[in-house]
Amino acid sequence: MAQTAADLPPLAEFVDLPDLLPQVSHTFPSVESIRWFVRTHRERLARAGAMIAITGRLRFHPARFQQVAVEIGSTAAEK
């Protein structure tokens with residue numbers, strides 16, 4: 001389900017890709033691995049408020065990104 005404006009975190013909590021990497025490097029060891037994950041799961045990340053696009057650039061909410069990754073991984077493990 002898409003987030004409403006009231007459900008989304010403040011803009012200041014979103015970071016760019018290089019700032020996301022240190023927080024998720026235990027699972028995504030490179031920028032390219034994050035880019036692959038984003039390409040593959042873009043819609044789910046956006047719906048969860050884990051990723052936004054501002055001025056043509058993607059920004060990420062680290063905690064929500066990690067939560068969505070866990071949810072996606074859990075679903076994948078069921079298959």
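This is a predicted model: local features need pLDDT of at least 70, side-chain atom pairs count only at pLDDT 80 or more; totals for chains, interfaces and linings use all residues.
**Entry 1: the strands**

I began with the sheet: strand E1 (residues 51–54) and strand E2 (residues 57–60) run antiparallel, and four bridges join them. Looking across the pair, I found Ile52 opposite Arg59 in E2. The two strands form a hairpin, with two residues between them. I checked the turn as well, and Thr55 there has a positive phi of about 45 degrees.

Next I picked Arg57, which sits in strand E2. Is Arg57 buried or exposed? Its relative accessibility is 60%, so I put it down as exposed; the cut-off for that word is over 50%.

**Entry 2: the rings**

I went through the aromatic side chains and got four aromatic pairs. For Phe28 and Phe65 the ring centres are 5.8 Å apart and the planes stand at 70 degrees, so I logged the pair as edge-to-face, given that the label needs an angle over 60. Where do Phe28 and Phe65 sit in the chain? Phe28 is in the loop between helix H1 (17–24) and helix H2 (31–47), while Phe65 belongs to helix H3 (residues 62–78). They are 37 residues apart, and the pair links distant parts of the chain.

Phe65 turns up again with Phe60: centres 5.9 Å apart, planes at 90 degrees, so this pair is edge-to-face too. I then looked up accessibility for these rings. Phe28 has a relative accessible area of 9% and is buried. Phe60 is buried at 3%, and Phe65 is buried at 0%. Which residues do the ring pairs link into a cluster? I wrote down Phe28, Phe37, Phe60 and Phe65.

**Entry 3: the core**

How many residues does the largest nonpolar core have? I got 18, and those with the most contacts inside it are Leu20, Ile34, Leu45 and Phe65. The elements giving two or more residues to this core are H1, H2 and H3. As background, nonpolar side chains in soluble globular proteins tend to be buried together.

**Entry 4: the whole chain**

Last, I zoomed out. I have three helices and two strands, and from the N terminus on the elements run α-α-β-β-α. The radius of gyration is 12 Å, close to the 12 Å that the globule rule gives for 79 residues, so I noted the chain as being as compact as a globular protein of that length. Along its principal axes, the C-alpha trace spans about 35 × 25 × 20 Å.

What share of the 79 residues is buried? It comes to 30%. I took the contacts with a separation of 6 or more, and 57% of them are between residues 24 or more positions apart. The accessible surface is about 5,100 Å², and carbon and sulfur atoms hold 57% of that area.

Note on methods:
Residues are numbered from 1 along each chain as its sequence is written. Side-chain values use heavy atoms; hydrogens and water are left out. Rings of Phe, Tyr and Trp (its six-membered ring) pair if their centres lie within 6.5 Å; planes under 30 degrees apart count as stacked, over 60 as edge-to-face and the rest as tilted. Buried means under 20% relative accessible area, exposed over 50%, partly exposed in between (1.4 Å probe, protein chains only). Two strands pair if DSSP finds at least two bridges between them. The radius of gyration is taken over C-alpha atoms; the globule rule is 2.2 Å times the number of residues to the power 0.38. Contact means heavy atoms within 4.5 Å. Accessible areas come from the Shrake-Rupley method with a 1.4 Å probe; for residues, only the protein chains shown count as cover. A nonpolar core is a set of buried Ala, Val, Leu, Ile, Met, Phe, Trp, Tyr and Cys residues joined through side-chain atoms within 4.5 Å.
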